[in-house]
Amino acid sequence: MLQEMRKYAKSTPASILLGLLALSFGVWGIADIFRGNADSTVATIGDTKIPQETFQREYQNMIRNMGQQTGQAVTPEQARALGLGQQTLQRMISRAAVDNIVNKLGLTVSDASISTQIRSIRGFAGPLGTFDHDTFVRLISQSGFTEQTFIDAVRSDSARDQLLSATKNGIEMPPGYAQALFNFLNEERAVQYVVLPADKMTVPNPSDAVLAAYVKANANKFSTPEYRQITYVSGTPADVMNQVSVTDDQLKQQFELKKADYQVPEKRDIEQITFPNEADARAARAKIDSGKSFEDIAKERGLKPTDIKLGTVVQADLGKDRGPAAFGLPEGGVSQPTKGIFGYVLMHVTKITPGNVKTFDQVKDDLRKDVMTQLAQAKLTDATNGFEDAQSGGANLAEAAKKVGLRVAHVAAVDARGLAPDGSKVDLPAEPDFLPQVFKAEEGVDGDPFQTKDGNVYVVKVDGVTPPKVKPLDQVRAEATAAWLAEQRAKLLADKAKSLTAEANKDHSLAAVAQSLGTTPQQSGILTRGGNSDSLPKELVAQIFNAAPGAVVSGPSAKGDGYIIARVTGIAHPPGLPVGDPRYQGFIGQLSTQLGDDIPNSFAMAARNKEGVSVNQQLIDRVTGSGS
């Protein structure tokens, strides 16, 4: 499509059209970007505005966090499908509405409290296990915060939490309501049931006329697939690899860039006890020499295991005194008294992770492959650009490909599964993105180049389309007959079960139904609400718990080979638990917690309604990529 646009962009009609488009942009406000009047507010809550950049930061952080939780990157398409944009927006609106109430009430949080909160966040700890300012700045900047905006965000969160915590503190479920809900959830039931087997339904084979009508009505099941005749251009980094060469200087530059991968220093897990002076440290070391453990010394000084852990460090993290002392010890060793930052220390090595240092010569071949691949990818990009230029100059697909050294291939017919009409596998690029592009392309139009994940480039042109066609009846007779019989049998089975259920409800008994089926009613075990049963499917159990005492219900069996008709024969509730019973108290606590969690949400919604909310959906769509 881009190729067609380029081809006609130089014509007189195109010039007029582009002029009209430019004029319309001015009329409809696009020119605001030149006048500087564009509003970048995505939402307004009362007098509070949420800027586009703030929304964009939170949206990107939400995508990043979800990727970290799932272990795989979330694509923009997946983010839109999951509705992450709206989730982010609604969360920010609720926060802003509550913040407006917080500000009106004058709730504040002290600087000391904010400092303590930030310093206690474990992710901001440096190599020594304590708060590290450089680590703090680096991590918040990765999430789009400056130091001041992060502090402001923490302050707002803290003030907001004060208010919302107050709304739910002391919430307790009324005892009568809790007891009724306890009885409802723990109710037990029993049923008598009979099984109506599917093989009781006899269906004669359909006539050709009936079968032909069925095939026509379900053409998608009995048709040939759509086939497409295509011409495609392909290029891979391997195709142009012989056109690139690598110098030693390039390899050395690459080595410097990847030095951290090739020269990994030794790491050690260190525990450390600090003493106010050298004499105390030597006395403690003497106790260790006499048989006491490092942990014993820590306990004597009132230190917990978390108080003495430095974490995993490299020698450079410990400085000129402690570094050599700690890294000269064997695993499990304890250092002699060593000058530390706040006194003298004893260090205990709990784990050693060996380093891995490789020289330039050792990794030269790997570096050559990396650089060759990068240069080949750049060469392929140049070829792709040359291909597009050739097409813009009027060359057809094959001519443009030949001019820049890309390959051209033809496929007579392929379906969406990659199969030919005879069922054989078509020789196509083994790329998951290739066939979808083929079946999205417009017939007769030169496609635009697209790149796959492995760096290959393709251009597809659909030369012809053979639409789906209903197969002759003789080809699908067996398949269509089996499908028609299954549908008719299922319909008769459902109708019969419905009739027998109505009969049993009228008689208030399963006796007559069981007799007509030549069987006797079976007794279920104890059924619980939402529980599993060996004999009854979960959907039928749900019906049983919604039915009145003595009522009859029915539903398909778990395997789909019949229907089960069941009559409620017993309902029991657990004996009431004393108020002081731990089980009852636990239930009350759980309900109260859930109710307490609901109240802040209701408070936030009430705040939104009071403040008033307006949203710039076009700007939201622009940030999330949902709009055109």
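Visitor: Which residues of the largest nonpolar core touch the most other members?

Guide: In this predicted model, they are Ile50, Phe55 and Phe150, out of 36 residues in that core. At least two core residues come from each of β1 (41-45), α4, α6 (84-105), α7 (111-119), α8 (133-142), α9 (147-168), α24 (582-611) and α25 (617-624). The largest share, nine residues, belongs to α6.

Visitor: Why is Met62 called buried?

Guide: The relative accessible area of Met62 is 17%, and buried means under 20%. Met62 is therefore buried. Met62 is part of helix α4, which covers residues 52-70.

Visitor: Which residues does Met62 touch, not counting those up to four places away in sequence?

Guide: Leu84, Gln87, Thr88 and Arg91. For Leu84, the C-alpha to C-alpha distance to Met62 is 7.4 Å, and the two are 22 residues apart in sequence.

Visitor: How do you know that Arg417 and Asp415 meet in a salt bridge?

Guide: The cut-off is a side-chain nitrogen of Lys or Arg within 4 Å of a carboxyl oxygen of Asp or Glu. The N to O distance between the side chains of Arg417 and Asp415 is 3.5 Å, so the pair counts as a salt bridge.

Visitor: Why is Arg417 called exposed, and why is Asp415 called buried?

Guide: Exposed means over 50% relative accessible area, and buried means under 20%. Arg417 has 59% relative accessibility, so Arg417 counts as exposed. Asp415 has 1%, so Asp415 counts as buried.

Visitor: What makes Glu300 and Lys287 a salt bridge, and which parts does the pair tie together?

Guide: The N to O distance between the side chains of Glu300 and Lys287 is 3.2 Å, which lies within 4 Å. Glu300 lies in helix α15 (residues 294-300) and Lys287 in helix α14 (residues 278-289), so the pair ties together parts that are 13 residues apart in sequence.

Visitor: How many salt bridges does the structure hold?

Guide: The structure holds 24.

Visitor: Which residues line the largest pocket closest to its centre?

Guide: The volume of this pocket is about 1100 Å³. Of its 40 lining residues, Arg57, Glu58, Arg95, Phe145 and Ala153 are the closest to the centre. β2 (48-51), α4, α6, α8 and α9 each give the lining at least two residues. The most come from α9, with ten residues.

Visitor: How many of the residues in the chain are buried, as a percentage?

Guide: Buried residues make up 36% of the 628 residues. The chain has 25 helices and 18 strands.

How values were computed:
Residues numbered from 1 in each chain as written. Predicted model: local features only at pLDDT ≥ 70, side-chain atom pairs only at ≥ 80, totals over all residues. Heavy atoms only, no water. Helix = DSSP H or I, 4+ residues; strand = E, 2+ residues; numbered from the N terminus. Buried < 20%, exposed > 50% of the residue type's maximum accessible area, 1.4 Å probe, protein only. Contact = heavy atoms within 4.5 Å. Core = buried A, V, L, I, M, F, W, Y, C linked by side-chain atoms within 4.5 Å. 1 Å grid on protein atoms, 1.4 Å probe; cavity = no way out; pocket = protein on both sides within 12 Å on 5 of 7 lines; lining within 4 Å. Points joined across faces, edges and corners; volume = space filled by probe spheres on them.
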